[in-house]
Amino acid sequence: MSAPAPSREALLDAIAAGRRADPLAPVTVISPSHVAALQMRRALAERGPFAAVRFETLPRLAELLGAGRLAAGGRRPLARPIGDHVAERVGYGARPPLTPIADLPGFGRALRRLFARLRRGGLVGGEPPPAGAGPHLAEVMRLYGLWRGEIAGFYDEDDLLDAAADAVDDDPAVAAELGTVHLVPPGPPSAAGRRLLEALGRARGGVAWAAEPVPGDAVRLVLAPDLASEAREAVRAVLVALDRGAAVHEVAILHGADPAYSRPLREAMAAAGVPAAATPGLPLVETPAGRGVLALLEIALEDLSRTAFIDALSVAPMRRELPAGAGTARLRLGRWDRHSRAAGVTHGITRWREGVRALAADRVQQMDDAAREGFDRGWLQEEVDEATELLAVVEALWTRLVELRDERPAADFLRRLGATVAAYLEPDAAGMAEVQAEIERLGTIDAVGGTFTLASFHRALRVNLEAAAIREGRSGEGVLIADHRAAAGLRFGHVVVCGAAEGLLPAGPGADTLVPDAAWAALRADGHPLVEDAALRVERRREAAERAVACGASVVMTCPLYEGAGAHDRYPSPLALEAARRRDPSIATATALREHPATDWLSTPPSPLAAHLRGPAVDAWEAGLRGAVLRVQAGGPAPAGDPLARPLAMLRARRGRTLSEWDGNLSGLNAGDWMRVPGVVSPTRLENYGACGFRFLLSTLLGLRVPDEPSDDETIDPLTRGNLMHRTLEDFFTEARREGRPAVREAWTAADEARAQEILTGHLADARVRGRAGLAVFTRQDERALRADLTTFLLADTEFRRQTGAVPESFEQVMAAEGPRGQRFRGYIDRIDRDPVTGRLEIIDYKTGRKPDDDPSDPFAGGTRLQLPVYLLAAGGAPARASYWYISSRGGFERVGCDSGPDTDARFAATVGAVADGVAAGSFPAVPGEFSEHWVEFANCGHCDFTRICTRGRGEDFARKADDDGVRPWAGVARAAAPEAPGAPEGGGDA
């Protein structure tokens, strides 16, 4: 019976003992990774001198043994871009069943991964597919043979391993200097690696394998609320280990298969002030230079999208002066963003030109109009100059980028790209040298006649930048942060294993998108046992996860209970469940573990805030948070400058039943004159208060605005539709008025309709120039609907004027009226008709949307509809009726009106008074309204600009606080606006 394999530590002890007997006897230890090799070398040095002992990875050993053999045959290393490019090229010739996807952008890269899988399994190209492989694998193997033929002048890692094995078999003496050979598991995952190990075994009398580590029983578990909390819990466990005397190189944080763990772990360690050695480090795609180059390319890929352009200026390390025509222009991010929004730019050089030029023309027209009225708006010239400068920058950039869109030889493409990068990005930006190296590496495809388009280069560069990284920290001089699959060959005193969730530790088998798993299983059974099918992947990933748990003498495993913002549950992985069962055999399932109470081996903070309050403080911010919590619990005032006491007080107040200062109760604020209804106000602002006090506070009192984001709507959006109809009717009626028409009860003629349609055509053309008319293929129906509505409205208008006897008199009339509390209402009235006999006014507000479901008998709608009563004020005491006229087929061309009179005036005065009292009382509750299951949104929140800054639990919060005294002043608006009694005047609708 053979002796059991020694552990890694026993192996190092034996090597150290052998040094004492023969200090110069050669020994070679094959390590799973460079990091493991460095750690073992350090551990051996602690045991004594170790001359003639080398620690190498198997690929590095193969390079020493076989690279000369390949070079003598005229073969060169296969750079990854060359392999990817040739795979894409052979992929274009794919036959059925892969023909339908051969032109997809990712097909070549997917083939490259399958080719690597075949090569690791020992296939060299040209092998016939096994029985039962199926047509997909058969075609992949055919393409693989073509690919291998095209790269015959190059060699990859597996070729190097095969060459080294051949070199050792042909002349065992070449391995003599290796001496005794040991291998720290796991062994190589490829057939070529196994061949080299077997050759070394024959040449050196065998390769001694060290034993795999075994997970211990004393594993502690932490079930954290989310990933961010989990990262801090991992650092907290590190601080505990360091506090107990561990050195930084004796501690490691290993995370599950999700790459999202790397960044928060690095940031949390940096915040804690603990040195870390992250592997592979900061991906180049996350560096300013990496983001900047990709962002520049994405401007062209997204057809000069406005958002892509502004994003590039925001994230890229841009030069302060940018090319603009024959000169340069100073970068003005904020102003350019504002101007391009105002110009309605979405994408495309045509929209940039039309939109920015139209904006400049509008500003010039505004200056001219103001000058004619005796006003000076010369400050608008600055906007004209900035808009012109912006367009020059865009034109210059587009000229450069458009050159990259066509297919070009790699060298020519990189020359043009390099000139663009140099012109726009700072040369000393973080990561620029490394990014430039990756760009140059892509140029190696010139060796096989490779070409690039902008799209193909962007894909290739992104992949390279995601794979390459800038090393952070030096191995052995900080806490290691790495993927758990890097744990092979490593040993630590303390290990924290993060992401111990289902599907992450171990990772799942993944999906085979091109070849069914049964085909891989058939190939594996046909003499290629190292070809990966799902079963082998599952086995290897389970072993990697167990290796991570076993590499520490003391182990803490952490698992997030929720993903993202708490929308999805996470469950502990089987490894975490096994560790828990060793502690408590009664835990049968992952659900039972989630629900298990905290113990000495299980920590379960109920919330992210609770997690911040346990164990040693991770950083100064967390220490300050704890002090703030104590002060809030004690009930004392927050000290000056305390940044955390107020947020904590906010959380506590919002969860209570009283409308507090954090919910919109400003009654205790010494606000001065600003906390009142403004002296000049529009009816819509008052309506906002009746609907939601918080919206009124933000929009009217604080003056917050959400910038509009131009968009390429497929159809004409409702706002543009309304503007088109309003402007068309204004121009039509104004023109008719100049001609003294229409007379009393005069009907519109066919010629009048044709003129109205002509005016609409002009406004549609202007909307197209400004990019607000949707896509032509979709908007024809919208235009037909607009024209049909215009025709129907003219018929309805004739009937309306015949009924009232009134004549259109004013259009887009400036409204100036004084309210019952002295407020001055300002706005525009779409149209005013006057009866020439009685003097009665018909005040009309056009609406192009659907008629709301409000009770038409109550024009006040609980204080949320106040335009009509305000319009009646503009009548100056003359008899009048104010109406909403829904002038579209969607609104049914109905009118909903309100007559002037003492009852209406009284209700309006009471309503406005209630609004003024509520505002003065500081009552600004957030009122979401009823929840709509259909729209999955609250009634008041669907079109509110401030939804994103409202509390997530606003529905429950308002329901809990609705009867509080702080809400009553706001609720008084609805009471004042309600009809006084069942017999009160209705002021109803008419058709």
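Analyst: What follows covers the sheet, strand by strand, and then the helices on it. This is a predicted model, in which local features need pLDDT of at least 70, side-chain atom pairs count only at pLDDT 80 or more, and totals for chains, interfaces and linings use all residues. Residues are numbered from 1 along each chain as its sequence is written, and side-chain values use heavy atoms, with hydrogens and water left out.

The open sheet has 4 strands, in the order β2-β1-β5-β6. Their pairing is parallel. Strands (E, at least two residues) and helices (H or I, at least four) are DSSP runs, numbered from the N terminus. Two strands pair if DSSP finds at least two bridges between them. β2 (53–57) and β6 (207–209) each have a single partner strand, so they stand at the edges, with one side of each left without a neighbour in the sheet. From one strand to the next, the twist averages 25°.

Now the β5 and β6 pair. Strand β5 covers residues 180–183 and joins β6 through 3 bridges, in the parallel sense. V181 has V207 in β6 as its bridge partner.

Next, the helices. Contact means heavy atoms within 4.5 Å. Axes are lines fitted to C-alpha atoms, for helices over the stretch in contact, and angles run from 0 to 180 degrees between N-to-C directions. Helix α3 (residues 58–72) packs on the sheet and touches β1 (27–31) and β2. The direction of α3 makes about 105° with that of β2. Helix α8 (residues 191–204) also packs on the sheet, touching β1, β5 and β6. The angle between the directions of α8 and β6 is about 120°.
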